[in-house]
Amino acid sequence: MTSETLLTVKNLAVSFTTSKGPINAVRGVSFDLGRERLGIVGESGSGKSQTGRAILGLTASNGTITADEMQFRDVDLRNLSPRQWRKVRGARISMIMQDPKYSLNPVMTIGDQIIEAYREHHKVGTKEATHRAIEMLEAVKIRDPQRVFKSYPHEVSGGMGQRVMIAMMLIPDPELLIADEPTSALDVTVQLQVMAILDDLVRERGMALIFISHDLHLVSSFCDRVLVMYQGHVVEEIRASELDLAKHPYTRGLLNCLPKMDGNHDDLPVLQRQASWAEG
Ligand SMILES: Nc1ncnc2c1ncn2[C@@H]1O[C@H](COP(=O)(O)OP(=O)(O)OP(=O)(O)O)[C@@H](O)[C@H]1O
């Protein structure tokens, strides 16, 4: 980790009340984050998204968050008022979700949405905001930014839509970006293009990134460090460059699930649900 710590999370737990009883989605997650790229991997339901959402105060209303510490720079993220959240969310911490279809407003042009995202946190006129929005569309390598600026979301492809989302989330210049499966709705070639753009922008701007994915291979190629989650716990924390040294059987299982040259891959192993490290 770099010397400057942006975010400290200690003993984070997220549980939901449901008609079938409580669901403990996140159980005692702790980590520090500097200006670096941190991956969170694990199978579906392991608590990755709920960890990211808790940091942004986006837990559903049937959920309860507890943490010994959740400190983002000068801000204690526990118990912020809606007004205080507005100063953090979008402006200082942004989140890119899986599918732009659900994040972009279908009845507003792309340009207007980017301008709105910018002006929410910067008091500038339309001309300046338009200029910044076009610049941002160029930064996400959209070839014809003027045309895309005037388009509606349904008029652009999935990959283009996700670049627009990146432009929208980065235009306020947040210090931390949480990307939750940002490319999983895209096909593989477009996925890599979008990840490369995201990676460049995060580096150029010196931002911290939390990249959430079930794909250990993708995560380790774009991140410095990886947290492996299983049943709400972090079962292993490892530098991406040292993944081969991973000790935990679940991480080893995820590694063995990488596609092989012959096109085959092992099935995701199912661990003993009562394994001692997954209790709690
Ligand atoms: N509002 C909710 N009410 C009840 N349970 C919920 C709610 N939101 C999430 N959960 C549960 O919390 C657990 C963790 O969910 P989470 O979305 O963090 O998993 P994930 O690791 O991100 O998986 P995926 O890759 O499928 O998104 C799951 O069992 C999920 O069903």
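Predicted model: local features only at pLDDT ≥ 70, side-chain atom pairs only at ≥ 80, totals over all residues.
## Helices, domains and a ligand shell

Helices α4 and α5 are roughly perpendicular to each other, because α4 (residues 110-119) and α5 (residues 126-139) pack at an angle of about 110 degrees. Angles under 35 degrees count as roughly parallel, over 145 as roughly antiparallel, 65 to 115 as roughly perpendicular, and the rest as oblique. Each angle runs from 0 to 180 degrees between N-to-C directions, with axes fitted as lines to C-alpha atoms, for helices over the stretch in contact.

Residue numbers start from 1 along each chain as its sequence is written. Element names follow DSSP runs numbered from the N terminus (helices: H or I, at least four residues; strands: E, at least two).

| Pair | Angle | Axes |
|---|---|---|
| α4 and α5 | about 110 degrees | 9 Å apart |
| α4 and α7 | roughly 25 degrees | within 8 Å |
| α7 and α8 | about 15 degrees | 10 Å apart |

Let us return to α4 and α5. On the α4 side, G111, I114, I115, Y118 and R119 make the contact, and α5 answers with A129, T130, R132, A133 and M136 (contact means C-beta atoms, placed from the backbone, within 7 Å). These residues divide into 6 nonpolar, 2 polar and 2 charged. Here Ala, Val, Leu, Ile, Met, Phe, Trp, Tyr, Cys and Pro count as nonpolar, Asp, Glu, Lys and Arg as charged, and the others, Gly among them, as polar.

Helix α4 also meets α7, and α4 and α7 are roughly parallel to each other. This crossing is right-handed too. I110, Q113, I114 and A117 of α4 touch V164, A167 and M168 of α7. By class, that contact has 6 nonpolar, 1 polar and no charged residues.

Next comes the partner of α7 on another side of our tour. Helices α7 (residues 158-170) and α8 (residues 188-205) are roughly parallel to each other, and α7 passes α8 in a right-handed crossing. From α7 come G159, Q162, R163, I166 and L170, which meet V190, Q193, V194, I197, L198 and L201 in α8. The contact divides into 7 nonpolar, 3 polar and 1 charged residues.

**Two domains**

How is the chain divided? Domain 1 covers 1-92 + 177-279, and domain 2 covers 98-173; such bounds come from an automatic or database domain assignment. Taken over C-alpha atoms, the domain centres lie 26 Å apart.

**Around the ligand**

Finally, which residues are the closest to the ligand? They are F16, A25, S44, S49 and Q50, among 16 residues that surround it (near means a C-beta atom, placed from the backbone, within 6 Å). β1 (7-18), β2 (21-33) and α1 (48-55) each supply at least two residues of this shell, and α1 has the largest share, with 3 residues. By class, the shell has 4 nonpolar, 11 polar and 1 charged residues.

Key. Left-handed = near helix turned anticlockwise from the far one by under 90°. Contact = placed C-beta atoms within 7 Å.
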